[in-house]
Amino acid sequence: MTTPAILALQDGTVFHGISVGSEGKTIGEVVFNTAMTGYQEILTDPSYCRQLVTLTYPHIGNVGTNSEDMESRRVHASGLVIRDSSMVTSSWRSERSFSEFLRQAKTVAIAEIDTRKLTRLLRETGAQSGCIMTGDADPAVAVQHARKFPGISGMDLAKFVTCEQKYQWSHGTEFGRGPRVMTRRIAPYHVVAYDFGIKRNILRLLSDLDCRMTVVPATTSADEVLAMAPDGVFLSNGPGDPEPCDYAIKAIQKFLEVEIPLFGICLGHQLLALAAGGRTEKMKFGHHGANHPVQDLASGRVLISSQNHGFAVDEASLPGNVEVTHRSLFDGSVQGIALSGQPAFGFQGHPEASPGPHDLLFLFERFIADMDEAKRGAVHSTLAARQ
Ligand SMILES: NC(=O)CC[C@H](N)C(=O)O
């Protein structure tokens, strides 16, 4: 027997479907993701905290779920909206069916709704607050609940999803990245990674590139991090509005002062822009997908990227020492920045993919190159001082 469910939006629109996850009620910002694969990675990406994720790909759950595809310890999305939940699980990697996974994660999910109609609506009206209720729910009550969600603007959620204590990470991707990686074993880099809601594939990829990773809570001060003597500092992705994360902005300003190599992804990129004196703004409905074309402005090359953001760096606000390096070919928004004359850069999309294409993996190597150069610079100055 199926249990009914409804999705109500703040503008009063109500969709009727069935419950395919845990029973109950959930509220959040309704966003849509156009990736054709990767439902488990998407749901466990901490950047989706307080969001109800609509997957536009119509058939979800057919390859089940497994422990390797977790991008964090648990599901972070507040709810899921899909067209069709697969009745059959078919994959040698599967450990649990998708619906079992949703129920164990206590994730409220609605299926059998017209996700194309919902997506068109969100593209027209912009992101809206929403509410999913399962069982015999009153649509008017669900609309009221949706209206109670204030929206993500002004919300510091990095503090909410970050780790409690620092920890070491040393697992690679396991499936390897070719011989280039294997030859790097003699050059260990110590990277301190800020966990604003970090995705595991970032940690795996940096481990593949022979980085020794120390992951620290979002509010760790710059002095504490510098005392760990890192070769570089990584600023992670994460949920919520970057502007209220003043503790992180302050720490990054210090890192810029001492010119330690810095690499930021998504929220980390936005925080780098804020620390450099720029501003960020809320987008109409954001970018969430796995096929967004981004142009590398220096080479003119177009790269296909994975995306998940609802805020963006305001180009007009950037000071003269911040160069825009990448731009979205969908809407022209800033997709990459670099600080002139120092080893600090950020990328708005997700080079770590999971899910998505690997066109931008080389950005991790650029971070390694920055750390290499800084190390060599340090050796030169020590030698010069001895002479
Ligand atoms: N994936 C991310 O890091 C998202 C960053 C930020 N929360 C945004 O929505 O823009």
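This is a predicted model: local features need pLDDT of at least 70, side-chain atom pairs count only at pLDDT 80 or more; totals for chains, interfaces and linings use all residues.
Colleague: Let's start with C266. How do you know whether C266 is buried or exposed?

Modeller: We count neighbours. A residue is called buried when 20 or more other C-beta atoms lie within 10 Å of its own. C266 has 31 other C-beta atoms within 10 Å, so C266 is buried. You will find C266 in the loop between β14 (262-265) and α10, and its phi is near 55°, a positive value in a residue other than glycine.

Colleague: And what makes D210 count as partly exposed?

Modeller: Partly exposed lies between the exposed limit of 12 or fewer and the buried limit of 20 or more. D210 has 17 C-beta neighbours inside 10 Å, so D210 counts as partly exposed. D210 sits in the loop between α7 and β12 (211-217), and has a positive phi of about 65° although it is not a glycine.

Colleague: Why is helix α7 described as mostly covered?

Modeller: Of the nine residues in α7 (residues 200-208), eight are buried. Among them are R200, I202, L203 and D208.

Colleague: Which residues is L271 in contact with, leaving aside its neighbours within four places in sequence?

Modeller: Contact calls for C-beta atoms within 7 Å. L271 is in contact with L235, P242, C245, A248, I249, I252 and G264.

Colleague: How do the residues around the ligand divide into nonpolar, polar and charged?

Modeller: Four are nonpolar, seven are polar and none is charged. Gly counts as polar here, and the residues around the ligand include G238, G240 and G310, along with S47, N237 and H309. Strand β16 (residues 302-314) supplies the largest share of this shell, four residues.

Colleague: One last thing: how do you know whether the peptide bond from S354 to P355 is cis or trans?

Modeller: Look at omega. For the bond from S354 to P355, omega is near 5°, and the bond is cis. P355 is in the loop between β19 (344-347) and α11 (362-386).

Note on methods:
Residues are numbered from 1 along each chain as its sequence is written. Two residues are in contact if their C-beta atoms, placed from the backbone, lie within 7 Å. A residue is near a molecule or strand if its C-beta atom, placed from the backbone, lies within 6 Å of it. Helices (H or I, at least four residues) and strands (E, at least two) are DSSP runs, numbered from the N terminus.
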